[in-house]
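User: I have a structure open and want to learn how to read it. Can you take me through some features?

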Amino acid sequence: MKRPQFIHKNPYSFVLADGVAPFQVLGTIELSIQFVNMTTTIQAHIARNLCADMILGMDYINKYNLNIDVKQQTIAIEYNNRILTMNIDQDFELHKIPVTSSKAIYIPPHSNRSSKVSIPISSVYSSFVPCSHLKYNTPSIITQTCLNFQNYCSSVILSNTSAYPRFIRKGVCVGFLFCGSLLKGSQIPAYSLNKSFGVTGYSGKTPASHGSDIDEIASGQESFGVNGSSGKTPVACDSDTYNIDYYKTHKFPNKHVFCNTVKSLNPVVEEHIRTIAQKINNKQQQDQLYSLLVRFHRTFDVAKHNIANTPINHVINTIPHSPPACRPYPQPNTEEAMYKLVQEFLQAGLIQESHSPYAAPAILVKKKDGSFRFVVDYKKLNLITIKDSSPLPNMEDTIRKLGQGYSYFSKLDLKSGFYQIPIDEGDKEKTAFVTPFGLYQFNVLPMGLKNSPPTFQKVMTSTLQCCRQFALVYLDDIIVFSKSYPEHLYHLDCVLTALQAKSLVLNPPKCDIAVRKIDYLGHTISQYRITPMKDKITAILQIEEPRSLAQANKFVGGLGWYRKFLPHFATVAAPIHAVTNLTKRKRHKFRWQFAQSRAFQELKRMLITEPLFLHYPVDDKPLILTTDASGIGVGGVLQQEVNGEMHNLYYHSQLMTQCERNYSAIEKEALAIYKCFDRMRSFLLGRNIIVMTDHCPLCHLMEKTVKNARVDRITHLIQEYNIDKVIHIKGRENCLPDFLSRYSREQDDDLFDIDYGLHSKEATPPSASHSTHIDSKLSSSSNLKNASVLAAMTLRSRQNKQKSVSATTFVDDGVITDNDFDNDSPIDTGRTNKIPSNFSHNHFDVTKLKDEQDQDPKIQQIIKQLDSKSNNLPFVFKNNILYKLIKPSNNAKRKLEVIYLPSSMVPMLLQACHDDPMTGGHFSTDRIYYKIKNQYWWPEMIYTIKQHIRSCILCQQYNISRQKKPGQLRPISPPEGPLAFIGIDYCGPFKRTPRENQYVLVITDHFTRHVTAIALPNCTAEITAQTLFNEYFCKYGIPSVILSDQGSHFRNQLMDNIRQLIGYNHIYSTPYHPQTNGIVERFNSTFVPQISKLQDTQDNNWDEYLQAVVFAYNTGIHKTTKYSPYELLYGRLPRLPIDARPTHFTFHRPSDYFEKLRKTLRIYHQSAKHNIIQQQQMNKHWYDRNRLDPQYQMGDKVLTRIYGLRGKLDPKFSATPKLIIHVRHPIYIVEDEMTHIQSQVHVSDLRPILLD
């Protein structure tokens, strides 16, 4: 059979018959199959791993109408109008015969050699398939497709395509023969080197490998590097064909030789590799390392997005829940940048468009160089994700294994490892994120997802399973260890081969390769010793001895909490206590002498040694991180409670930068948490963590969005950690972190430039772009003299505050500009602030007055009338200018001559008098009118000014209305009877009680005003649905209508399913208009003060009084109905504790009582309904007095009120006009003209605008 010709030469994938699992193929060929004596053809897919040599599918069956007769055991096809039949061979069995080398053979570079091979069968002629490890681990290719064996022997031709010699040892399996029949009794030894993966054994869930070259596969070889490793299939690292002696004897040339199939190196990648190799002092070893790394240049190429080829996918297991969905965060200034990034990620295959019910908000974080990082806020998804309890490697065992006399170490860091691992197909929708222009979901594991570390650990452990004898993995750090340099190169080759086979990419700047000493997991490791790094205890070691009484008191106070964990603390600290327990009058007697110094050093030693200090965390025990921030620094202590005793693992102390010292209190406390997480990452990642802080607002840091950009940024940075809870502790219990935060000794980087999130690969590298940006600023600075600069300010770089003045550029009479900018740096207030270029809006030119009057027809008509003798017009024509005669006031006798302003100049004057900061300042109609009425006049002057102000977008956005909100009262008609129409709402959160309650679900009947209130621990959709069913539906029946707001606890898929299942109508109030559900809101404002008066001094047992307060409310006379809710519901007065005890009880006939109850309830209900209607009419009368009720039409443009946390200078109404597309007065549906987002708005939240 001739070698088949490829039709399609690019890899692709298709879905298998189950409709889910994709299957990757390398291309399509025209295949010839001999059937009887005829040759049939079919297009066939080529796959690397298949469970059989060939599978015939439906294409072949349909093309030749293939029929299988099971009874007759025959197969028939139609070919050229003929029926061809063939018998099925029932006894056929394919035998796999190993072919081994008969002797060792040496193959020079780029040459062929003939080698003797042998099999356990005396003679056979059969097809030959080379071993995959021979092909992929060394570029030694056997050209024959069939071999003829005589006397157990034959010969093969081996071709070495690499630039280096190859060795094949005696007895190495070079391939297999596949025979359909053998002599009876022939024995074939088992051989498992060529393991069959097959379709079922290979997951097939990752996309086809990028960069696979079909032309190379078709020609019998693949794209190899210097060592010939293709990097496209898994290879055995302990292959017999790999000769470690090669590294011991071969001298690498200075000029590196590459095969013809190797593509040119990316200059950036080559520079990274050269930088790594140049750290080796020995020139020969440096060349050897460089040649090795160049062969795996794709593993160091971070210039493009990458998806790993791993069968292990990330799975997101969640508790039963309603899909959390959020609106996109408003980022109008970065929308275009986000769109470009999303398109780039789509093209790279990292994300795809989604129709998921999930929606996490995506944001862009701007870096110093102007580029952006793409971050998704997965807090809500993480809250419902079930923790993966897969253990991480034991840190102590890992360190102990490295202490066995190894001489060479390499630490490899994966670049954006989480963005390389695929996500399970069924869980991709859970990663969906929302942007202003669409919904997308990740195909790869993004940063910030819970359980990311365990998944990453599994992937890396699986990838380097064959290298476990000389490589260890701890999350995204790989360490390779060897006892000699040649052995280390061999081990690196195996590790890099395994990584390249899975298409995993390393981070070159963070890789330390072939070094004699290395820092790993908090320890410094060398050939002869392992010592703990001082980072964990630096904060303690750097504490200086006190020199004053205040400093000594702070030190002792900082250790006070640990006195129960430090043996003999009182005895050791006695000399310090002796000089610190001084009264105010005796403070001058403070002396710090030798005894105090010795006690100080001993206490520091006790903090960093056992039993208080542990070098390794204990598995299966949560870690406790306690943090604090002061005005100058941050501090933290990592602890673990073991057997009831507290042990310390890490101390951290750090000085704040000048910018960070300007943070608010909550930002500083959040910064302390992040800095500790960042420094203690290897200890914290993948473990359960309890965070303790003395700043209460941070207790819900990981559950809710904080309206603070810096704090939100920190929550994104730490959302990948397993934070069980954030606990508030009293300040006096947070002594040591507080002490460390005030004795910091170092500075760190900027918060918003942290390498977190997904960034663009198409943009210029940050360093280059940043330097270009600086160069452009420097070059432009020389032209400042010619620019219209009114003033300049001096900005100091936070990193270069101590540089001399000579490093600064002087421009234009001593004005100083820096090369670096810091918008948080203080400004020199002694200089004049720069005035904006668009400061003035005054374009009114009075010199054009005469020309404009000459062109105004009304003015010209008046001038003509003035020429007549009989005119009584209040105008004067002087100096070719028409004036209007007006009285300055009603009682004035003298008239003023004011200019008649032509209509063409009115808009410019109004713009100058209203928009200009100095002459107008966007003030009201009266101010503008009285400012210009004695200078200019035109017809309908006041009306024109009002219309101009109404058309001013800024005035409509920011002006505060002094009138009542528009929109008249529209009461809800009373229902026909009790429990038919109910309103529900949540009140809270309150202070958490010992029963864990924080919220109250309030249910109010609109007819009887009867209230049911239930205290609950949270307000989730599940709790809401369960409480409604158990506490209301099962006690009072199913209502006809439920009215609620549009909170996520009420408006969700679960509540919708219950509505359809049980059968009631659920209507929702207008957003930001609580008056719709006013009856419930009124009760909320009533009962909160009552339970506040009754709770204890700790304010945490309010739920004990809740039901009593509700009963008191239900038994009181309601102002609207004139009956108590209890009476209207049960038809009788309630018995109260104040009522007299009955002395006797009379049993009435059942029929009499029932008829009497029905009659009583009918009377009560009729009277109550009448009273409700009367009260509603009275309320409407008073509410509607002096209140406008504007009516808008479809197509009108309006602004909508902005709700939420706003600054005092923020607008009150939306920035862009919105179009009314549907009218249901007083409710309007409006659409944003830019985003086309529709929203439902009450008339009171609309403001009309007039557009020119």
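User: Is Cys 952 buried or exposed?

Analyst: Cys 952 counts as buried because its relative accessibility is 10%.

User: How many salt bridges are there?

Analyst: First, the idea. Side chains of opposite charge can pair when their charged atoms come close. This structure holds 19 salt bridges. One of them joins Lys 283 and Asp 287, at 3.0 Å from N to O. Both residues lie in helix 7, four residues apart, about one turn of the helix. Lys 283 is partly exposed at 48%, whereas Asp 287 is buried at 7%.

User: Which residue pairs with Lys 430?

Analyst: Asp 427, with the closest N and O atoms 3.5 Å apart. Lys 430 is buried at 12% relative accessibility. Asp 427 is buried too, at 8%.

User: Which residues form a nonpolar patch on the surface?

Analyst: Ile 68, Val 70 and Ile 88, with about 280 Å² of accessible area together. Val 70 sits in the loop between strand 6 and strand 7. Val 70 counts as exposed because its relative accessibility is 61%.

User: Where is pLDDT under 50?

Analyst: Where pLDDT is low, the predicted coordinates should not be read in detail. The chain averages 76. Stretches under 50 include residues 248-263 and residues 763-832.

Definitions and conventions:
Residues are numbered from 1 along each chain as its sequence is written. This is a predicted model: local features need pLDDT of at least 70, side-chain atom pairs count only at pLDDT 80 or more; totals for chains, interfaces and linings use all residues. Side-chain values use heavy atoms; hydrogens and water are left out. Patches are made of residues with over 30% relative accessible area and no salt bridge: like charges are joined within 9 Å, nonpolar side chains (Val, Leu, Ile, Met, Phe, Trp, Tyr) within 5 Å. Accessible areas come from the Shrake-Rupley method with a 1.4 Å probe; for residues, only the protein chains shown count as cover. A salt bridge is a side-chain nitrogen of Lys or Arg within 4 Å of a carboxyl oxygen of Asp or Glu. Helices (H or I, at least four residues) and strands (E, at least two) are DSSP runs, numbered from the N terminus. Buried means under 20% relative accessible area, exposed over 50%, partly exposed in between (1.4 Å probe, protein chains only). pLDDT is the predictor's confidence in each residue, from 0 to 100. Contact means heavy atoms within 4.5 Å.
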